[in-house]
Structure formats: C-alpha cells, structure tokens
Amino acid sequence: SSDQHAVKNIDLKIKGGSTAALVGHSGAGKSTIFNLLPRFYDPQIGKILIDDQNIGEVSLQSLRKNISLVSQDITLFDDTVISNIAYANLNASQAEIMEAAKLAAAEDFINNLPNKLDTIIGENGVKLSGGQKQRLSIARAFVKKSRILLLDEVTSSLDKMTSKTIKKSISELS
C-alpha cells in the first residue's frame with residue numbers, strides 16, 4: 001500500500017444542468033475523479049454528494065442507473081452491435097438504438113457492416129477500429145439516457161469531423 005494519493009484536496013461544485021470540464025496534464029487525476037463518481041473506488045477521506053446525497057449512502061444500482069461513463073477503456077462483448085449498444089438499456093427499441101448510433105456518428109459504419117446491427121464484433125470489439133469502438137461506447141451512453149454523462153477523453157481516438165459531430169450531439173442532448 002502506498003502513501004501516495006491519486007487526488008487530494010479536491011473541492012468541486014458543479015451545478016445541475018451544466019457542463020464542466022476537467023483539464024490537466026496526463027496523470028493529474030482526471031480519470032480517478034471520474035471513477036469515484038460511479039463508486040468504482042470510494043474516497044479514503046471526504047465524501048461525494050450528488051443532489052445533496054452522499055453517494056456512499058445510496059445503492060450502487062440507484063447511483064449507476066443515473067450515470068453514463070464513456071472512458072478510454074472501452075468494454076465491448078463478443079456479441080452483435082445492437083446487443084452492445086442496448087447493454088445500457090435493455091428496454092431500448094431498435095429505433096432508439098439507431099437514434100443513439102446516429103447521434104454517436106456510428107450509423108454509417110454500422111450500415112456498412114456485413115450484417116449491420118446484427119454483426120458480431122468479437123471479444124472487446126476486435127473486428128472494429130478504435131474509433132468505431134469509441135462510437136459504440138458513446139451510443140451506449142446515449143441510449144441509457146442517464147442524468148449524468150461522464151466523458152473521459154471520449155474523442156481521443158476520433159477524427160476531427162466525427163469529434164465535432166459527437167460534441168454537437170452531446171450539446172443537444174444536454
């Protein structure tokens with residue numbers, strides 16, 4: 001166990017309905033903060049409040065139902081495109097899934113796949129490019145329709161045009 005803290009002495013207040021950005025050099029703790037919010041880790045000192053509720057005192061299910069996290073580390077399953085997007089909302093209709101794909105700039109590449117939404121993408125999306133995986137992850141977040149959307153370097157593996165399209169979609173959704 002190390003005496004080093006990933007982050008310390010952080011006091012953030014982000015108003016509901018707003019957009020906030022964490023900016024800092026690599027290793028500054030941005031991803032750590034993002035991972036604290038859905039309680040992948042619990043703070044050793046202090047507390048995190050959302051809507052004046054200590055997230056350490058609410059159920060993980062309730063907390064995570066209200067948060068979508070799109071990170072650099074994308075988890076995809078050896079299943080179809082539609083199943084990978086719908087994973088975030090198993091009650092989503094095919095129309096809602098395609099709308100999320102469109103907002104995530106994934107519609108064109110999905111329509112060019114051999115079986116479109118029914119294409120098996122392989123374990124961790126091995127049959128897709130980094131940008132395609134990122135767009136599926138973003139579509140998954142959009143179809144979830146959660147109140148809190150956390151984007152951790154979400155456009156890092158996307159070209160400028162796709163990045164611009166997704167940023168516009170995020171702005172419209174918020």
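Colleague: Which residues lie nearest the centre of the second largest pocket, and how many residues line that pocket?

Modeller: Phe40, Leu69, Tyr87, Arg140 and Lys144 lie nearest its centre, and 25 residues line the pocket. The model is a predicted one, in which local features need pLDDT of at least 70 and side-chain atom pairs count only at pLDDT 80 or more, while totals for chains, interfaces and linings use all residues. Residues are numbered from 1 along each chain as its sequence is written, and side-chain values use heavy atoms, with hydrogens and water left out.

Colleague: What makes a set of points a pocket, and what makes a residue part of the lining?

Modeller: On a 1 Å grid over the protein atoms alone, a pocket is an open set of points where a 1.4 Å probe fits, with protein on both sides within 12 Å along at least five of seven lines; a lining residue has an atom within 4 Å of a point. The second largest pocket has a volume of about 750 Å³. Helices H1 (30-36), H2 (60-65) and H6 (130-144) and strand E3 (67-70) each give two or more residues to its lining.

Colleague: Why is the contact between arginine 39 and aspartate 42 called a salt bridge?

Modeller: A salt bridge requires a side-chain nitrogen of Lys or Arg within 4 Å of a carboxyl oxygen of Asp or Glu. The N to O distance between arginine 39 and aspartate 42 is 2.8 Å, so the pair meets the rule. The count by this rule comes to three salt bridges.

Colleague: Why does arginine 39 count as buried?

Modeller: Buried means under 20% relative accessible area, exposed over 50%, and partly exposed in between, with a 1.4 Å probe and protein chains only. Arginine 39 has 19% and therefore counts as buried, whereas aspartate 42, at 45%, is partly exposed.

Colleague: How do you know that aspartate 51 and arginine 147 form a salt bridge, and what does the pair tie together?

Modeller: Their side chains meet at 3.4 Å, N to O. Aspartate 51 lies in the loop between strands E1 (49-50) and E2 (53-54), and arginine 147 in the loop between H6 and strand E4 (148-151), so the pair ties together parts that are 96 residues apart in sequence. Aspartate 51, at 52%, counts as exposed, and arginine 147 is exposed at 65%.

Colleague: Why is glutamate 96 called partly exposed?

Modeller: Its relative accessibility is 30%, so glutamate 96 counts as partly exposed. The side chain of glutamate 96 meets that of lysine 145 in a salt bridge of 3.0 Å, N to O.

Key:
Points joined across faces, edges and corners; volume = space filled by probe spheres on them. Helix = DSSP H or I, 4+ residues; strand = E, 2+ residues; numbered from the N terminus.
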